[in-house]
Amino acid sequence: MEEARECLREGVLNHLNVLETEALVLSRQQKLCLQQQSRVDDLRITVEKLRAHRDQLKARAKTTMSLQQLKAETDQRNEERYEDDNSEEGCSRTGQSLLSLLMVRRTRVKDLLQAHHLIGGYDVTETRRGKGVSISIATAFEGLYLETYCLELDLSRAVRICRHNIPPFIPLEKLAQVHLQTDLIGFLSTLSSHLNAFAGRRQQICLIQEVLQDSVEVMESNMLFNSVVLMCTDSGESRKAMLFTLVYSDLSRYLPTKVTIDSEDKVLPSTPQWKKSQSLLLWTPAHAAFQALKMEGQIA
Amino acid sequence: MDDSVKQVLRQIIRRIPSNKLRNTLSKWEHISKKQFQSLEFTQAKSLLCDNLLSLCEENELSMKHVTELEMIYRIEHPAQGSWNVCQLIDPEEEALTVDSLHFKESFKAHLKCLINHVSVKMKKHEDDALWIRIAWGDNFTQPNHLKPTYVVHNLQTPYVFVSGLTMKHRPLLHQALVQSGHYGAVKDVHLSGRCLTALRDLLMRQYKQVFPVKHPKLLEEKTPLPRTPCIEIEDTKHAENRMQMAAEAFGEGILPKLETAVYKLETRFKENEMGREEPFRGVVKFASSNLLESLKYCVSSGMASAPVTPLLSSITQKGRNYFVITDKGPGISNTPGPKI
């Protein structure tokens with residue numbers, strides 16, 4: 001009170017001024033305090049988060065380490081098993097060793113797939129987080145790799161082909177109706193034989209056009225190469241033109257099912273020599289058969 | 001040579017641009033080499049046309065020969081007018097073995113059965129495609145050669161590409177195609193565009209598609225995205241991922257050239273506060289000089305979200321560019337498109 005009275009003596013306004021400054025200082029201090037508090041809280045949360053992350057990483061590292069160890073152990077055990085025949089007793093069936101055995105099997109299957117792909121089998125890749133697979137089918141003819149075709153399957157509900165690059169004249173829809181749901185491997189193998197046969201038929205025509213271009217002429221062929229007309233000249237004196245019609249009604253084979261020979265000279269196709277070449281064409285790829293005929297001097 | 005032949009020839013010459021006239025005429029076998037050399041290609045087109053007409057008269061050419069000239073030009077330059085695609089379905093056994101000679105004869109016979117006055121001309125192109133030119137008349141008028149329909153079909157494939165067909169003649173053409181090709185029915189694929197080769201590549205899957213494989217080859221186009229050095233490390237992986245996604249959805253290298261994609265929307269408002277009963281209808285149309293390329297760039301550059309929405313990837317996967325989206329199906333409409 002004394003103080004206040006003294007202040008009043010100096011003037012009310014002055015006293016108010018002093019009070020105001022004091023209030024300002026106080027509020028500033030309070031604000032600072034609050035800010036510091038919230039910052040501490042934030043930092044604490046961050047620390048917690050980082051700790052949780054560290055623990056997670058630690059756990060992951062630990063499991064990886066133990067898995068690797070297990071794998072090494074099983075590998076060793078397998079080696080031992082190869083060395084020692086009666087190793088059954090050494091294999092304790094705990095959960096962990098079961099897991100490692102499964103892992104070994106998985107790597108083996110992967111290796112097998114890889115090997116299968118290397119010798120021309122399908123290449124299978126998982127897509128869309130396991131909901132689909134992408135399968136590529138390589139085609140080859142006489143030891144030469146030709147196009148690779150791919151198809152992507154959706155496995156989430158029923159097996160469905162979502163996209164592919166197989167040409168439209170391959171009866172994919174029909175094959176899929178028969179096999180796709182029940183027998184995937186069967187489906188792939190029939191598809192593969194269709195594709196390989198198509199590639200083979202096309203390659204034969206390509207080879208004829210390349211190697212035998214001056215003696216055999218491709219008169220007519222279609223996109224599926226299942227009906228081909230070839231022309232060549234008989235090497236006899238009259239030099240008659242011979243017309244070969246090859247029909248491939250079995251689309252999964254690269255050999256024709258029917259060969260007809262036509263000529264202006266009606267007698268010529270029924271001579272034993274041409275009869276023989278007709279059957280030769282049924283059993284040998286066209287380019288090889290015509291090459292043989294040329295070597296023998298039957299065609300010019 | 002009567003007046004109608006002259007008129008048709010004039011129109012054909014008018015439609016062929018001057019710089020392509022020489023090349024086209026050189027492939028036309030009905031004027032001799034000497035006659036061809038006598039033509040002045042630097043002249044105005046109308047003069048040239050008069051000269052050509054006199055040559056034709058000299059050679060006594062008929063409508064058959066004159067329309068062949070138009071066919072030569074159309075085959076060489078197929079990207080004209082709008083091409084629509086239809087698909088033949090339910091093939092019979094014979095569909096895989098029918099040969100072009102047989103098809104030609106039976107197509108002509110079937111069409112002539114259906115309509116009295118019709119003129120059909122066919123030519124097999126080098127790439128095994130069969131080109132058919134049809135000039136339609138009706139029971140009382142001669143075939144109109146000024147507005148022919150062009151049909152392109154590869155035997156053994158189910159797709160038929162059609163240009164310049166009126167609604168009136170559509171059922172006739174379809175019936176003739178189904179019968180001579182040994183199919184059960186025909187349906188619309190909902191794919192159209194100016195560039196015939198693009199449509200064909202898309203449906204016959206002759207463009208370069210990208211599939212996820214174990215040993216991926218490097219994608220050809222790795223450079224186009226501009227990069228800032230500071231964000232490169234973080235960004236590279238995302239960018240590669242986006243590129244892969246874009247390539248898987250739309251293909252790689254030169255993409256088929258489509259101009260448009262149309263989405264017809266037919267939906268109801270979920271919260272029916274406005275008391276509206278009739279559906280909300282809208283049409284979204286994408287147009288570009290090369291639509292697939294544009295869409296691919298949108299994805300690879302990060303402008304569109306990375307797993308491509310099925311609405312867009314359906315263009316390549318289903319081979320169609322007209323969609324109707326209704327409420328029933330979550331994704332794509334139930335209007336039939338090409339199978340598989």
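Student: How many helices and strands does chain B have?

Tutor: Chain B has 11 helices and nine strands. Helices (H or I, at least four residues) and strands (E, at least two) are DSSP runs, numbered from the N terminus. The model is predicted: local features need pLDDT of at least 70, side-chain atom pairs count only at pLDDT 80 or more, and totals for chains, interfaces and linings use all residues. Residues are numbered from 1 along each chain as its sequence is written, while chains are lettered from A and ligands numbered from 1 in the order in which they are written.

Student: How do I read a sheet?

Tutor: Strands of a sheet pair through backbone hydrogen bonds, either parallel or antiparallel. Two strands pair if DSSP finds at least two bridges between them. In chain B, six strands form an open sheet with antiparallel pairing, in the order β2-β3-β4-β5-β1-β6.

Student: Which are the edge strands?

Tutor: They are β2 (118-124) and β6 (185-193) of chain B, and each pairs on one side only. On average, neighbouring strands of this sheet are turned by 25 degrees against each other, direction ignored.

Student: How many bridges join β1(B) to β5(B)?

Tutor: Five bridges join these antiparallel strands. Trp83(B) stands opposite Ser163(B) in β5(B).

Student: Which strands does helix α7 of chain B touch?

Tutor: Helix α7 (residues 170-181) packs on the sheet and touches β1, β4, β5 and β6 of chain B. Its direction makes about 120 degrees with that of β6(B). Axes are lines fitted to C-alpha atoms, for helices over the stretch in contact, and angles run from 0 to 180 degrees between N-to-C directions. Contact itself means that two residues have C-beta atoms, placed from the backbone, within 7 Å.

Student: And a pair of helices?

Tutor: Two packed helices are described by the angle between their axes and the distance between the axes. Here α1 (residues 3-15) and α5 (residues 63-76) of chain B pack at about 10 degrees, with axes 10 Å apart. So α1(B) is roughly parallel to α5(B). Angles under 35 degrees count as roughly parallel, over 145 as roughly antiparallel, 65 to 115 as roughly perpendicular and the rest as oblique.

Student: Which residues make that contact?

Tutor: Val5(B), Val8(B), Leu9(B) and Ile12(B) come from α1(B). Met63(B), Val66(B), Leu69(B) and Glu70(B) come from α5(B).

Student: What does phi tell me?

Tutor: Most residues other than glycine have a negative phi. Asp90(B) has a positive one, near 50 degrees. Gln156(B) also has a positive phi, near 75 degrees.

Student: Where are Asp90(B) and Gln156(B) found?

Tutor: Asp90(B) is in the loop between β1 (83-89) and α6 (100-114) of chain B. Gln156(B) is in the loop between β4 (149-154) and β5 (159-163) of chain B.

Student: Is Asp90(B) buried or exposed?

Tutor: Asp90(B) counts as exposed because it has 12 C-beta neighbours inside 10 Å. Gln156(B) has 23, so Gln156(B) counts as buried. The cut-offs: buried if 20 or more other C-beta atoms lie within 10 Å of a residue's own, exposed if 12 or fewer, partly exposed in between, with C-beta atoms placed from the backbone.

Student: What share of chain B is buried?

Tutor: Buried residues make up 32% of its 340 residues.

Student: Which residues does Val160(B) touch?

Tutor: Not counting residues up to four places away in sequence, Val160(B) touches Val85(B), Cys86(B), Leu88(B), Val151(B), His153(B) and Leu177(B).

Student: How many residues does each chain bring to the contact between chains A and B?

Tutor: Chain B brings 21 residues and chain A brings 22.
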